[in-house]
Amino acid sequence: MAWLLACIQPPDPSTWTGLPAGDGWPDEAGEPIPAPGGLDAPWLEDVAAYGRDELPSGRADAGSFGVGNGQVFGMIGLDDPVNTLTNAIGPGYDADAGFFGDSAFLLDTEVTDARVQRVRGTAIVRTWEAGDGAELSTTSFAAPDDPVLVRLVTVSATRAGAVRWSIARADDEDPSTDELTQTRGSRRTRLTCETGSLIDDGWEIPFEAGEATIRCEQAFADGDFTSTTATVDDARAAASDALAGAMTLEAPDPKVIDLYEGMLITEWTQTTNDLVSPMSRYTRGWLRDTEGPVRLWLRAGLHEIGRAHV
């Protein structure tokens, strides 16, 4: 945290000389994933400098981005394929009954290139994968007021084919059910898409040559499931409202600024019921898990958020 305190009162910007060519961090993570043609949201291409622009090579070298809203949470970018939603949990972050199974969108060909990015100023995570004659991108966010993760799936192709949204069924699931669900204790999750066919382990989504975006949802419940009408604009506004009033940084390296913002976004998405669990295994609230985020929020000027967690 020492570097963060130093950034609160940075040196005179006129003294900044920048980094020598070829040294330090790059300014950008790579080419932004193109925004889907059906969304009037060009800001989706304004991505944070932290990202990954290669095929996954294992968790030891992978980074991940969290998607959550205090009721539901999952990580993207940690597994292969890069769009896999890992450690999904909800409603609420108590993991006593275990996490739900990983779910992923699978292109019908070998993937030869991939990217994962976070949209700056948001907890919206985007992935892109390319294979023979087709490109698959996902735009994932948590509905601000509902225990639902929304996943917009865009396919740009020069041929017809299919994408499968796959999740392993739990041993106690009934394969004859007309909806795809998993159960963990008293909690359940359900996968639905606005088009395609329900198959044994997921949804099969056909596509034709051209570009199309399909909306899919993963809902969580300990009772009846709900759906949502939330959009990417709603998700962006929720993050903006949550972090309104936070201290801003001025620094010669944009990656420092993105690191600070990413820390705030991470703590925000991992917060539930006035408890904080910033570790990779989400569970009940512990004092040791709360101390770090509270210090960060106080130093960032988010005093009311900090007050709610002490």
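This is a predicted model: local features need pLDDT of at least 70, side-chain atom pairs count only at pLDDT 80 or more; totals for chains, interfaces and linings use all residues.
## Helix H3

At the N-terminal end, H3 is capped by Asp-253, which places a side-chain oxygen 2.9 Å from the backbone nitrogen of Lys-255.

## Glu-261 within the helix

Glu-261 belongs to H3, which runs over residues 254-269. Its relative accessibility is 19%, and because buried means under 20%, Glu-261 counts as buried. The side chain of Glu-261 comes to 2.9 Å from the backbone nitrogen of Gly-121, and, when neighbours within four places in sequence are set aside, Glu-261 is in contact with Arg-118, Arg-120 and Gly-121.

## Nonpolar cores

The largest nonpolar core comprises 18 residues, and those with the most contacts inside it are Phe-105, Leu-136, Val-163, Trp-165, Ile-205, Phe-207 and Cys-216. Strands that give two or more residues to this core include E5 (103-107), E8 (134-142), E10 (161-167) and E14 (202-207). A second, separate core holds 17 residues, among them Val-119, Leu-152, Ala-219 and Ala-235.

For Phe-207, the contacts beyond four places in sequence include Leu-107, Ala-134, Val-155, Ala-157, Ala-162 and Val-163, together with Asp-108 and Arg-159.

Methods: Residues are numbered from 1 along each chain as its sequence is written. Side-chain values use heavy atoms; hydrogens and water are left out. Helices (H or I, at least four residues) and strands (E, at least two) are DSSP runs, numbered from the N terminus. Buried means under 20% relative accessible area, exposed over 50%, partly exposed in between (1.4 Å probe, protein chains only). A polar contact is a pair of N or O atoms within 3.5 Å; within protein, one must be able to donate a hydrogen and the other to accept it, and residues adjacent in sequence count only if both atoms are side-chain atoms. Contact means heavy atoms within 4.5 Å. A nonpolar core is a set of buried Ala, Val, Leu, Ile, Met, Phe, Trp, Tyr and Cys residues joined through side-chain atoms within 4.5 Å.
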